[in-house]
Amino acid sequence: MSEIIIRNLSEESMEETVKFISSCQTVDESFIAWLGYSPEEIKSQLMDLTPSFTESCLIAIDGGVICGFLGIYVSEEQSTLRLLGPYVSKPKNWTEIALNLLAAFKTKIPTTINLAKVAFYEANVNCKRVYEANHFNVYNAEKTLIRDKKSLSNVSEVSNQKINIRYYTSSDFDDFIKLHPETAYFTGPEVVNRLDDYNQLIVAATDNHVIGYVYFEKLRGDGYAEICFLNVSPEFRSRGIGSQLINQVIREAFQYDWVNHIQISVRVNNKEAERLYTRMGFKEENVIIALQRDLNVYPWGDFT
C-alpha cells in the first residue's frame with residue numbers, strides 16, 4: 001500500500017466520493033446510518049451539511065483512488081455532532097485508515113460540541129470495534145422495519161371522526177414543538193425548515209390543537225420513503241391515532257410509482273410500537289446500534 005493521503009472533500013472529487021459511499025452502503029458490514037444509498041441521494045445530503053462539505057468531510061486516497069471517507073453533521077442547537085463513517089475499502093488496512101480519518105478531525109470539532117454520535121448496522125463489526133475502543137458507548141438499538149408496496153391493498157381502516165388528519169400549517173408550530181423530542185436527530189425547527197414536496201409533516205388535530213404527528217421523507221434517489229418521527233400525546237394514546245397517521249403516510253407515499261417500500265425504525269425494547277407496525281404490514285429488516293462519546297469527559301484527540 002502506498003502512502004495514504006487524508007484531505008478535505010472537494011467539488012472535483014464529489015462524484016467519485018458519492019459512488020464510493022454508495023458502494024459501501026449496500027453492504028451490511030459497512031452500512032452507516034444517516035446517509036442514503038444511491039449516489040444521487042448521498043450527494044444531496046452531503047451538499048446540505050453544516051458546515052459545508054468541504055469543511056465537514058474528509059477522504060482517504062491511495063494511489064489516486066478514494067479508499068476512505070468520514071463526514072460529520074453538526075447540530076449547534078443540540079451541541080451534538082453525528083459521524084458519517086468511516087467507510088474504508090481496504091480490509092487489511094481498515095483500522096489504520098479509519099483511525100487516521102478520525103484523528104484528522106481533531107481541529108475541526110467546535111468547542112461547543114458536547115456529544116459525538118454514530119449509528120450503524122450490527123453487522124458493521126469494524127466500526128463497533130474501533131468506536132468502543134475509543135470511549136463510545138452504546139446508548140440505543142433500533143430495529144429497521146420495512147413495508148413493501150405490494151401490501152398496499154391491506155391498509156387497515158382506522159377512523160375517528162373527532163380527529164382531523166391533515167398537513168402541518170405554521171399555526172401548529174407551538175403544539176408540534178411540545179410533542180417533538182428534544183434529543184431527536186432533527187430538532188423541531190429543523191424539521192419545519194426541511195418541509196417541501198419530499199419531506200412532509202402530517203398532524204392529528206382535535207379542537208384546533210395538534211395531539212400527534214408523523215414526519216416522513218420520500219427519498220427519490222433511493223426509491224423509498226422513511227417515517228422519521230411518529231409521536232402522539234400521552235393522553236391520546238391507545239386510540240388508534242398512530243395507526244391513522246401511518247395509514248396516511250402509506251397512502252401518500254405509495255401514490256408515487258418510484259416508492260417501492262416504506263421504512264421505519266423502532267427501539268428494540270419498544271414491543272408495543274413494534275406490534276403496531278407489524279400489524280400494519282411492516283417486517284423486520286435489520287438492527288441499527290447507536291453509540292456516543294461524551295466530549296466533556298473524553299475530548300476529541302488521538303484514536304487508538
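**Close-up views of a predicted model**

Proline 86 sits in strand β4, which spans residues 80-88. In this predicted model, the peptide bond that leads from glycine 85 into proline 86 is cis, with omega near 10 degrees.

**View A. A cis peptide bond at proline 51.** The bond from threonine 50 to proline 51 is cis, and its omega is near -5 degrees. Proline 51 belongs to the loop between α2 (39-47) and α3 (53-56).

**View B. The surroundings of aspartate 222.** Aspartate 222 is found in the loop that joins β9 (209-219) to β10 (224-232). This aspartate is buried yet forms no salt bridge, the nearest side chain of opposite charge being that of arginine 194, 11 Å away. A polar atom of the aspartate 222 side chain lies 2.9 Å from the backbone nitrogen of tyrosine 37. Leaving aside residues up to four places away in sequence, aspartate 222 touches Gly36, Tyr37, Ser38 and Glu41.

**View C. The second largest pocket.** This pocket has a volume of about 160 Å³, and its lining includes Tyr37, Tyr121, Ile146 and Tyr224. Strands β11 (261-267) and β12 (283-294) each supply at least two residues of that lining; His261, Gln263, Glu285 and Asn286 are among the lining residues.

View D. Aspartate 207, placed in the loop between β8 (199-206) and β9, has phi near 50 degrees, a positive value in a residue other than glycine, and counts as exposed at 68% relative accessibility. Asparagine 208 lies in the loop between β8 and β9, with phi near 65 degrees, and is exposed, with a relative accessible area of 74%.

How values were computed
Residues are numbered from 1 along each chain as its sequence is written. This is a predicted model: local features need pLDDT of at least 70, side-chain atom pairs count only at pLDDT 80 or more; totals for chains, interfaces and linings use all residues. Side-chain values use heavy atoms; hydrogens and water are left out. Helices (H or I, at least four residues) and strands (E, at least two) are DSSP runs, numbered from the N terminus. Buried means under 20% relative accessible area, exposed over 50%, partly exposed in between (1.4 Å probe, protein chains only). Lys and Arg count as positive and Asp and Glu as negative; His and the chain ends are not counted. A salt bridge is a side-chain nitrogen of Lys or Arg within 4 Å of a carboxyl oxygen of Asp or Glu. A polar contact is a pair of N or O atoms within 3.5 Å; within protein, one must be able to donate a hydrogen and the other to accept it, and residues adjacent in sequence count only if both atoms are side-chain atoms. Contact means heavy atoms within 4.5 Å. On a 1 Å grid over the protein atoms alone, a cavity is a set of points where a 1.4 Å probe fits but cannot get out, and a pocket is an open set with protein on both sides within 12 Å along at least five of seven lines; lining residues have an atom within 4 Å of a point. Grid points are joined across faces, edges and corners, and a volume is the space filled by probe spheres set on the points.
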